[in-house]
Amino acid sequence: MAPGTKHCVVLLLCFVVCVVLTTGTADKPPNIIIMLADDLGFGDLSGFGNTTLPTPHIDKLMKEGVKLTHHLAAASVCTPSRAALLTGRYPIRSGMVPAGRMRVNIFVANRAGMLPNETTLAEVAKSVGYKTALVGKWHLGLSKDTFEDHQMHPMNQGFDQYYGHILTNMKDFSEDGERVLTSQRPRIYYSLGSIVSVGILLFVWLYKKQYIGKVPLVIGVFLVLAPAVYFVFAFNMLRILNGIVFRNYEIVEQPIKLESLMKRYVQEGMEFLEAREKDKEPFLLVLSWDHVHTAMRTSKEFKGRSKHGRYGDSVMELDWGTGEIMNRIKQMNIGKNTLVYFTSDNGAHLEESDMHGNSDGGSNGILKGGKAHGAVDGGIRVPSSVWYPGKIPANIVIDEPTMQMDMFTTITKLIGADVPRDRSIDGRDMYPLLEGKKLISPHEFFFHYCGPTVQAVRYRPRSGSTVWKLAYEEPDYLPGTQRCLFACNCEDAIKFEQPILYDITSDPGESKPIDISSDKKYKDLAELMIKATEEHKASIVPVDCRLTFFKILWRPHMQPCCNFPYCSCSDHKYKHIE
Ligand SMILES: *[C@@H]1O[C@H](CO)[C@@H](O)[C@H](O)[C@H]1NC(C)=O
């Protein structure tokens, strides 16, 4: 071989090695962090136009990545919205819609929740060797049939490890006597008392008149009293029954201490990241913050810091936690190949207030309505962003409509896993949109549910720039407001005889209803959207309803308790944290 040729071979080899090495790292699938806020509204962040509530860390995350200004949750309440985000499916497909009025899970000890045979993003990530962790709120069930079967626990849904609050925050967890039940129905105990008294009097009267004997009297009185006692007990003990923090399968705290929760979640998140820095395994970390749901509690550093009461303090602590994680990830080697997705499970809860009537809810900015209002945008259009430095451009705003379910599919593809093929997946890959390779939403139609009912459909035509929304139903608001008494119910919604059209692009606040019979153009649009809705509905296969009245009922025999009968423990790891 001539010396020149030798040189060439060496160079060529070197080149091949270089290419393999560089493409090897370039194509390495990213680590994934999902940060999910609770009830954070469209108008709560300074990056979304709030001028009096500074959220510098979340804003920075949005500036360094893509800000999604038209990103939609699949439901306007937590439980179904979270189910959809984790499965990429409309909640109705997984049975995560109610048969009755209750759209969310309200007890730890019951049978409601998402079946383990759903394929979650965590399971998908595990299938390609990712380490997975959930820190924070779950709200998708615990045990399915028996005490501690833990079939719906996060670790049975794909998470290798778990630290957090198994249900949801509730205002009952504060120690100042606030109650979800009486804030919604202030006169409930009078009504209950009256029913019980009438019932007992009736049996006593029957006995006095000698229509019944002693035994039926006792049985009758018991039958009247027992449900009332059960009811009063369950709803007055929520703090202990539901305020439970798990580390993996073990209860480490009961009742929950809200003041230090954010700090502890940050700490747990950091520890997981540090472990991955060491073992270099790819990972999915879901940080499901309890903020900014009632009860509003923060550490003392944030108490009274904002101009917006304890709600504002909570938003600021959420911002702090986000900043801590982002700063850490940027210092780490793994940070260079990490995608961070920030979003909120639904809009701000406008009706929420403390016992003195002061607002405890956030702002949805220009949007109409809020949490629990079904299909209006204030309930489902949530402040969101995606950060993936070097891969998706910085400082870009995407106003194309997308759904949280899309991130299921986007992440699945990005990490090189297979999108489940044995079931309907509604999420679509939005990565080309994020990268700027495509400029249009992957969806033409979006369906907006309130419980099991499609209340509206959104349409993104394949040309032009206008997004349309056709509302079949709207919440039954208190006259002159955009609010219900405590939360809007799907059943009470006003059903329009002729659906109402909105040009969401020029009228994001849904304040200028368009009469579809006023112009053929609108009529045609509506027809197209109605047809799409019918096709969508026809694609729904009936499944076991996971949120029936009986599944949601509190079951004393399924009640987790760290040390019966006290049910009182605190997490030793965080003895020193306030
Ligand atoms: C900023 O957020 C607070 C808290 O939600 C809210 O009261 C206020 O109205 C918001 N401001 C704007 C301009 O949206």
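**Close-ups of a predicted model**

View 1. Gly309 belongs to helix α10, which covers residues 309-331. Look for Ser359 too: it sits 50 residues away from Gly309 along the chain, yet their C-alpha atoms are separated by 8.6 Å.

**View 2. Helix α10 packs with helix α9.** Stay with α10 and bring in α9, residues 261-279. The two axes come within 10 Å and cross at roughly 15°, so α9 counts as roughly parallel to α10. The crossing is right-handed. On the α9 side, the contact is made by Met262, Lys263, Val266, Gly269, Met270, Leu273 and Glu274. On the α10 side, look for residues including Trp320, Gly321, Ile325 and Arg328. Sorted by class, this contact has eight nonpolar, two polar and five charged residues.

**View 3. Helices α3 and α12 side by side.** Here α3 (residues 78-87) packs with α12 (residues 404-414) at an angle of about 25°, and their axes are 6 Å apart. That angle makes α3 roughly parallel to α12, and the crossing is right-handed. From α3 come Ser81, Ala84, Leu85, Leu86 and Thr87, and they meet Gln404, Met405 and Phe408 of α12. What classes of residue make up the contact of α3 with α12? The tally is five nonpolar, three polar and no charged residues.

**View 4. An open sheet of 10 strands.** Trace the strands across the sheet and you get the order β7-β6-β5-β4-β8-β1-β9-β10-β2-β11, with mixed pairing. Why is one side of β7 and of β11 left without a neighbour in the sheet? Both stand at the edges with a single partner strand each, so one side of each has no neighbour. From one strand to the next, the twist averages 20°. Now zoom in on β9 (residues 338-344) and β10 (residues 384-387), which pair in the antiparallel sense over three bridges. Phe342 has Ser385 of β10 as its bridge partner.

**View 5. Strand β13, covered on both faces.** Strand β13 spans residues 445-450, and six of its six residues are buried. In a regular strand, side chains alternate between the two faces of the sheet. In β13, Phe445, Phe447 and Tyr449 are on one side, with Phe446, His448 and Cys450 on the other, and all are buried. Six bridges join β13 to β14 (residues 453-459), and the two strands run antiparallel. Phe446 has Arg458 of β14 as its bridge partner. Two residues lie between the strands of this hairpin, where Gly451 takes a positive phi near 55°.

**View 6. Two cis peptide bonds in one loop.** The peptide bond from His291 to Val292 is cis, with omega near 10°. Another cis bond joins Thr294 and Ala295, with omega about 0°. Val292 is in the loop between β8 (283-288) and α10, and Ala295 lies in the loop between β8 and α10 as well.

**View 7. Two glutamates with positive phi.** Glu148 isn't a glycine, but it has a positive phi of about 60°. You'll find Glu148 in the loop between β4 (131-136) and β5 (161-165). Glu510 also has a positive phi, near 50°, and lies in the loop between β16 (494-503) and α14 (520-538).

Conventions: Residues are numbered from 1 along each chain as its sequence is written. This is a predicted model: local features need pLDDT of at least 70, side-chain atom pairs count only at pLDDT 80 or more; totals for chains, interfaces and linings use all residues. Side-chain values use heavy atoms; hydrogens and water are left out. Two strands pair if DSSP finds at least two bridges between them. Helices (H or I, at least four residues) and strands (E, at least two) are DSSP runs, numbered from the N terminus. Axes are lines fitted to C-alpha atoms, for helices over the stretch in contact, and angles run from 0 to 180 degrees between N-to-C directions. Angles under 35 degrees count as roughly parallel, over 145 as roughly antiparallel, 65 to 115 as roughly perpendicular and the rest as oblique. A crossing is left-handed if the near helix is turned anticlockwise from the far one by less than a right angle, and right-handed if clockwise. Contact means heavy atoms within 4.5 Å. Ala, Val, Leu, Ile, Met, Phe, Trp, Tyr, Cys and Pro count as nonpolar, Asp, Glu, Lys and Arg as charged, and the others, Gly among them, as polar. Buried means under 20% relative accessible area, exposed over 50%, partly exposed in between (1.4 Å probe, protein chains only).
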